Amino acid sequence: MPKLTRKKIVLASGNRGKVREIGALLADLDCEVAPQSDFDITEAEETGLTFVENAIIKARHAAHHTGLAAIADDSGLEVDALNGAPGIYSSRFAGTDATSEQNLEKLLIDLSDIPKAERTARFQCVIVYLAHEADPTPIICQGSWEGRILFEPHGTHGFGYDPVFYLPDHNCAAAELPPEVKNGLSHRGKALKQLLATLQPN
Ligand code: IMP
């Protein structure tokens with residue numbers, strides 16, 4: 001029995017790059033998906049220590065303030081040579097108010113002595129769906145995307161660490177892929193496909 005009981009769903013993300021990607025991927029869902037920015041809601045404080053905890057915190061916050069069902073994702077980059085960092089701290093790697101450019105620059109500096117073969121990394125994404133604020137059984141979906149960190153940025157698409165995330169199978173950076181191609185391959189795309197299959201099994 002699908003849990004999709006409400007027509008309108010709030011998408012709990014303030015990141016415009018992610019809202020664009022998730023919005024495109026959820027276009028197939030038979031309901032209206034409204035970004036959190038359509039409502040007067042402050043950002044939730046991400047106090048969890050895991051992607052799952054933070055995604056639930058964000059979705060619950062949005063559901064609480066809108067009275068709607070909510071979808072939230074928490075994602076980040078895990079770099080093996082940095083023992084999994086920046087992980088859940090990906091958006092604040094270079095400091096609380098750091099820009100994507102500053103985070104990316106810090107990553108390249110931290111990896112400057114690491115040779116190509118040891119620059120393996122992956123994006124992780126957890127997406128949760130809460131039917132309502134007090135939903136005790138959130139739908140939790142997870143996707144990952146393997147790659148390697150480049151020595152310098154390439155490409156102009158995407159957001160965040162995309163310009164330095166090299167995809168061996170495609171011989172290019174994630175930021176060199178057209179958005180629809182990235183959506184079909186990415187950690188977020190994989191997690192969203194699972195969510196769609198759960199919400200709309202047919
Ligand atoms: P969140 O908004 O707390 O989930 O933080 C996610 C952060 O991880 C983003 O701000 C980016 O720095 C990074 N990130 C997650 N997914 C991607 C992606 O698809 N491309 C590039 N960077 C990403």
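Mentor: Gladly, and let us begin with burial: a residue is called buried under 20% relative accessible area, exposed over 50%, and partly exposed in between, using a 1.4 Å probe and protein chains only. V52 is partly exposed, because its relative accessible area is 29%. Before we go on, note that this is a predicted model, where local features need pLDDT of at least 70 and side-chain atom pairs count only at pLDDT 80 or more, while totals for chains, interfaces and linings use all residues. Residues are numbered from 1 along each chain as its sequence is written, and side-chain values use heavy atoms, with hydrogens and water left out.

Trainee: In which helix is V52 found?

Mentor: Helices (H or I, at least four residues) and strands (E, at least two) are DSSP runs, numbered from the N terminus. V52 belongs to helix α2, residues 51-66. Its C-alpha atom is separated by 9.3 Å from that of S75, a residue 23 positions apart from V52 along the chain.

Trainee: Is S75 buried or exposed?

Mentor: S75 is buried, because its relative accessible area is 14%. This serine is found in strand β3.

Trainee: Which residues are closest to the ligand?

Mentor: A residue is near a molecule if one of its heavy atoms lies within 4 Å of it. Here 17 residues surround the ligand, and the closest are K18, F159, D162, K182 and R188. Strand β3 (69-79) and helix α5 (187-199) each supply at least two residues of this shell, and β3 gives the most, with three.

Trainee: How many residues of the shell are nonpolar, polar and charged?

Mentor: The classes work like this: Ala, Val, Leu, Ile, Met, Phe, Trp, Tyr, Cys and Pro count as nonpolar, Asp, Glu, Lys and Arg as charged, and the others, Gly among them, as polar. The shell around the ligand has three nonpolar, seven polar and seven charged residues.

Trainee: What should I look for in the polar contacts?

Mentor: A polar contact is a pair of N or O atoms within 3.5 Å; within protein, one must be able to donate a hydrogen and the other to accept it, and residues adjacent in sequence count only if both atoms are side-chain atoms. Between protein atoms, the side chain of S75 makes such a contact with the side chain of R188, at 3.1 Å. Toward the ligand, a backbone N or O atom of S75 lies 3.0 Å from an oxygen atom. A polar side-chain atom of K182 is 2.8 Å from a ligand oxygen atom, and one of R188 is 2.7 Å from a ligand nitrogen atom.

Trainee: How much of the ligand's accessible area does the protein cover?

Mentor: The protein covers 95% of the 490 Å² that the ligand has on its own. Such areas come from the Shrake-Rupley method with a 1.4 Å probe; for residues, only the protein chains shown count as cover.

Trainee: And what about the backbone?

Mentor: Look at the loop between β3 and α3 (100-110), where P86 is found. A cis peptide bond joins A85 and P86, with omega about 0°. N83 is in the loop between β3 and α3 too, and its phi is near 55°, a positive value in a residue other than glycine. N83 counts as exposed because its relative accessibility is 78%.

Trainee: Where does N171 lie?

Mentor: N171 lies in the loop between β6 (165-167) and β7 (172-173). Its phi is near 50°, a positive value in a residue other than glycine.
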